[in-house]
Every structure is written in structure tokens, then in C-alpha cells.
Amino acid sequence: MRINFGKPLLKQAAVLFLISFCISSCRQKESYNTWQVYGGNKENNHYSSLTQIDTGNVSNLKVAWTYHTNDADSMTQIQVNSIVIDSFLYGVTPKLKLFALDAATGKQKWVFDPLADSPGKKMDGSFGMNVCRGVTYYTDGKSDKRIFYSAGGNLYCIKATTGLPEKSFGENGKIDLHNNLGRDASKLYVATTSPGIIYKDLIIIGARVSEEAAAAPGYIRAYDVHSGKLRWIFHTIPQPGEFGYDTWDDKDAWNHIGGANTWAGFSLDEKRGILFAPTGSASYDFYGGKRTGDNLFANCVLALDAATGKRIWHFQTVHHDVWDRDVPTAPVLINIKKDGKNIDAIAQITKSGFIFLLDRETGKPVYPVNEVPVSTQSELLGEKLSPTQPIPTFPKPFARQTPITKSELNNIVPDSSYQDIKKRLAGYKTGSIFTPPSKEGTIIFPGFDGGGEWGGAAYDPTTSIIYVNGSEMPWILTMVDVKGKKASSETNLEAGKRLYHSTCMTCHGTQRQGGGNYPSLVGVNKKYNDHQFASLISSGRRMMPAFNQLSSSEINALASFILEDKKEQDKIFIEPEKKKDPWTDLPYTSTGYNKFLTREGYPAINPPWGTLNAINLNTGELIWKDTLGNYPELKAKSIHSGTENYGGAVVTAGGVIFIAATSDAKIRAFNKKTGKLLWEADLPAAGFATPSIYEVNGKEFLVIACGGGKLRKPTGDAYVAFALPD
């Protein structure tokens, strides 16, 4: 660039301009050279401006250190996106212990154990059943440095330098998230998976709640970072007089219906003070006869005033959701060009494969979103589906949404297996992504776990290209009538079967076989006796909530069935005296989360089953698309199939995309411009998490949590860091 300065005043102005430009450029670069926030930064763009590792040397990456937590078991997972502060790396173990490591060496600095903080409490129930995806850091810029994280139903505040609780926060360093919900949630499941976000002196959090009919409301709350006092609350299920209240046909729904929760974390426009919150569906997931209407603010992107919690705008991605189409991740803050103008916007990926581009200040779609007529012919009594659903016109979906026909069925399996899935397909309902749930079985595609999932997208602010990994797995949603009590007296076995049908079948299947990420219950009598089973049901464990609504006689009957206890099965069931709740006494339930698979266990459709996509958000152009992951036995036959994937990608100024996420326990690097695979390495267990990129003492590191545990893969306990050789 050549500049002719000319006269002194022009020369002075030009110099000032250059200084301002350089300062601005440096600040922009510096803002992305750390990893102090879940997702990389509050914009949630998974972007790093570090360049030491680049397309020319990434193939030289070696393991720099490995940290083993030594507390994994057959039921645990790690989904943590680590953060790095002042050369300390913070993460969480499979059993929810918070730790700090030397980020350069992996040497442990300290560990905080929530069990030790609560003597006598078991690591189960709402205390320890949930997985953790990250932690939140706060500092006043001086000596006050805090880590906020959740273990079950408690939000903890821990000194970042020592690992000790900040006793001035809440009650001796923690607050109970069951409180401050406006109704009694003490016996309901309330926890968190994704971390909160800091705005000034507020820690803002969402929650994970049960997806059954008896669920807590998913209100968004902000607490004072110092005292733990509640500063504001946003009712995601509006109360009388609040905006959105009229989208619920029953005007008392706010007092009974749960869900509509922000379980996937937040993003934040700190300059504007706008908090962006994705919400899930209202409960119960698959039948909405007790919650007719559009159901605001379920399935929304919410923009709230971060200081007050007041609604600025909302955009609903699914009206009256009965397909479990939660908004699965916080939106990415982006800047794109349209008609020659720069637009500050957000990009919201979805489970169905859509990307919604919305103006950051108004929530208006940057490109048209059409309300498209869909089928409302539900066979479930009381159900009232929305006559239209929002379909974005730009960009195109990143995952397949076409109705599954014979031509899409898996043809890489033997013919006998192909004929089996072909016959089964004929008995299912298939069509659009909004085909109603049915008793015959409705194909959900992309599946309950995406399309896009909680790993989120990576976005390069220098090119406006978004990178998003997607899964393409068909699932079968089958609804059945809830079995009522017999007119005559029941045995424990009969009552146990009925209770299993209404309480357990959705997750564990019709034959106790398990499905998706839920374990089989066949043979659990070898692991649990009656007393242990009763304790498990009352407290919950890992992904299973506590069922405190069950009486001791009901738990005993359920145990007799699941544990196949012949002595107890023949005893007469004693009906507990309790009043039925019309809001939770539903006429239908589902048979569970069942994938549409071949006899060999592969998806019933042709590959690819997992992809990585690069999309230019200025033009809508698909820059490249690559199949992500492999089944080793298929790879040996030169079939590059892809796998379902959990966890997101990161993108760097060095020109590299890093992603693990796949079931084959690999981490990979791709050229961000071309999609060419540049490097891959084996992990000790599948890395179902998003990597982190950071620098310590001039050395760039890549770290990934290797917890396995999903997709029926072995569990792990390792955090593995990679770097270039010295």
C-alpha cells in the first residue's frame, strides 16, 4: 500500500489513522489469542488467532502431556471444553471434580471434590448424575479470581488459585439451583451441563431439567458473583401479564408445565449488553396435548438485556415442538455482508440442519424465513399441531432432510439385511421433518441428536465462513397408550410392568434393551439388590433423574419386574394413596429413543453418517463438505462412512480446523480452505468434546477431553494436549 502524505495536516491525520488502525487490528487479534471462555470467547465462535501451528507443520504435532483423572467408570463421560487462565488449565473429571493443571505440563495444581464438600452425600441423583461441558471464570481484574461450575443441582464458586470454596458466595460457596423457581422443585431434576456466562458482576445460568411430564421450568437466572443473591430471572414459560403468555391455550400452564430450558449455554454481545439464550422444548417432549399452543419461549433464540433479564426479542425455530427439536447450542456472533452492507448478526444452527441468520439487535431474519404449511393430522387425541413451521431460505441445510425412501436405504450391507430394513421402512411414517409422531412409528431425520448438536459451530471472523459438523442418523419415534391400572387387584409384577411402561420405557426401551445413550437393564439383578435399586430410583444416577414421585410400594413393584425377583412378583401390589396430577397423567408415552439400524448395527440409510461442512455466510455457498469419521471395519473395505459425532470444531488463523467428536477415537486437522485432511491422531478414548487452543510461554497447545461413554464406546478419563516438538 502506497500513501502520499502531502501537506503536514494531512500527514498528521494519516499517521493518526495508521496508529488507530494498528491498535484496532492488534486488539482484534488479541481478543482471540486466549481460551478463557467456553467456546473460546463470549461470541462462541471457537476461533483462535494463534498461528504457530499451521497447515505446513500441523502434521508434526505430538502428545505434549496427558492427564488422567482416575475416576471414570462404565457410566461416565467427559464433554468438557477446557479454559486456560494465567497458565492454569481448568477442567472437570468424569465424577464432577473440578481441577486446575499447569497448562504447559499437565501437572495437577489442585482438585476440588464436591463430595468432600458435602460429607455423606453420594455422587448420584441431581448431585452428580449430569455431565459437565465446562466452567466459567470471573475476575475483578485484580486479586479476585473465581471459577463457577455445577455438580448436579449445586452451583459452586471456587477460588481459581487454590481450589477452595468462596464461603461468601451463597451458602458456604454454593447455591441450590432447585430454589428461586417460583414453585416447589425440590423433588424434581434441576442441574446444569453447559456453563454459565459472566456479564459484569453477574453469573448467568440456565439448567437441564427432566424431559418427562413432571419437569421443572427452565428459567434463566442471574446471580451476583460475590454474594450469590438472585439478581434477575427470566420466565421461559411466561406468567400472566408477560409477553408470550397468550401462546399457551391453557392459561394455567405456566404453573405446571416444565422445560423450555437453556441447557446449551449462552453467547453474549458484551458491547451491546445483549445475552443470547437457546431454549429446549416444553415437556413432555413428544406429546403436547396438555400444552397446546405455540409454547413460547420453548425452542427459541432469546435476546435478553444482560443487566436486567428483560426480553429484547425472540425467534422461535419450531412451533409447538413434539420432535425434541431443542435449540442445541448457543448462537455464534457473526458479521456478514448483504447487498454491500455489513450486518452484525447471529448464526443459529439446529438439530434439523438449518442455520438461522438473525439481526443481532432486532432478531429479524437477514434473509427470508417462510412459514411453510405442514401436516397437522395427528392421531393422538388432544394433540393440536402448528399448521406452519419456519423454514429459512438461506443458506441451504447442512444435513440431509429428504424423506427416506428405498433409494436412500443402506445398500452396503448384505441383501438379507437390506430387505429387512426395506420391509420395516414400509411400516413407518416418513415425509417431512415435521411428520407427526405416531403409533406406527415416525422416522425422525436428521435424528434426535442432529444435524447440529451441543458442540456448536466454529466461525472464522476474517472470512465469514462457518464450520459445522453434523450427524445423519434416522431414529424411530413410536407412541403408545399409557397402560392404566387394572380394575381388579394387581400383583407386583403386573404393577411393575405398568410402572416401567410409564416411567422407564422412554429411555430403556420396550424390552429393557436400552437405546441411544441409555443402557440396557437386562441382567441388572447381577449388579443391584432390592435395597440398592430402591436407593438408585430415589436418588437417580448420571443421566437418570430421581423418581421421587414414586411411593415405596411402587418402587418395590418396579424392582420386582426389572430385577426379576420371583418372590416379590407374586405379592399383591398395595396401591398408594395419592391424587393424580392431570398435568402429568398423560395418555401417551414413547417406546424410547430407538435408532433405525440394520441388523449389523449401522444406520439404515446410506453414508455419510457424519460430515464436516464449510459454508460462506456472505454468499450461502458450500465451500466444501467432508465425511467425518470412520467405522474401522468399513474403512478396511475402503468405505469412508462417517460416524455420529458429539463436540464441535475449532478454527485457527493458522489455517487449520481441529475436531475430534467421532466414535473412532481420533482427533483430526483439516485445511480450512480446502477441507483436505492434514493430520489425525489416536486418542485413549473417543473425544466427545470440543478442543481448546491456547498458548503458554510462547508455545501453542491443542487439548481435548477423552471421555468416551457415548455411542456404546468405552469410557475414558484423559485430557490429552498436543504441541509441536521443541
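1. Let me begin with K429, which is partly exposed at a relative accessible area of 30% (buried means under 20% relative accessible area, exposed over 50%, and partly exposed in between, with a 1.4 Å probe and protein chains only). Its salt-bridge partner is E379, and the closest N and O atoms are 3.1 Å apart (a salt bridge is a side-chain nitrogen of Lys or Arg within 4 Å of a carboxyl oxygen of Asp or Glu). The pair links distant parts of the chain, 50 residues apart: K429 sits in the loop between α4 (415–426) and β26 (442–444), and E379 in the loop between β24 (369–373) and β25 (388–392). E379 is also partly exposed, with a relative accessible area of 30%. Helices (H or I, at least four residues) and strands (E, at least two) are DSSP runs, numbered from the N terminus.

2. A word on provenance: this is a predicted model, in which local features need pLDDT of at least 70 and side-chain atom pairs count only at pLDDT 80 or more, while totals for chains, interfaces and linings use all residues. Residues are numbered from 1 along each chain as its sequence is written, and side-chain values use heavy atoms, with hydrogens and water left out.

3. How many salt bridges does the structure hold? There are 28 salt bridges. One of them joins K145 to D86, with the closest N and O atoms 3.0 Å apart. Here K145 belongs to strand β8 (residues 145–151) and D86 to the loop between β3 (83–85) and β4 (88–92), so that the pair links distant parts of the chain, 59 residues apart. K145 is partly exposed, its relative accessible area being 25%.

4. R668 and E680 form another salt bridge, whose closest N and O atoms are 3.2 Å apart. R668 lies in strand β37 (residues 666–671) and E680 in strand β38 (residues 677–682), so the pair ties together parts that are twelve residues apart in sequence. Buried or exposed, where does R668 fall? R668 counts as buried at 4% relative accessibility, whereas E680 counts as partly exposed at 30%. Elsewhere, a network of salt bridges links D269, R272, D344, R360 and E361.

5. Now the hairpin of β22 and β23, which has five residues between the strands; G353 in its turn has a positive phi of about 95°. Strand β22 (residues 341–349) runs antiparallel to β23 and is joined to it by five bridges (two strands pair if DSSP finds at least two bridges between them). A345 has D359 of β23 as its bridge partner. Four of the five residues of β23 (residues 355–359) are buried, so this strand is largely enclosed by the rest of the structure.

6. An open sheet of four strands has the order β12-β13-β15-β16, with antiparallel pairing. β12 (197–199) and β16 (230–234) are at the edges with a single partner strand each, so one side of each is left without a neighbour in the sheet. From one strand to the next, the twist averages 25° (axes are lines fitted to C-alpha atoms, for helices over the stretch in contact, and angles run from 0 to 180 degrees between N-to-C directions). Strand β15 (residues 220–224) pairs with β16 in the antiparallel sense over four bridges, and A222 stands opposite W232 in β16.

7. Three bridges join β27 to the antiparallel strand β28 (residues 465–471), with D460 opposite I465 in β28.
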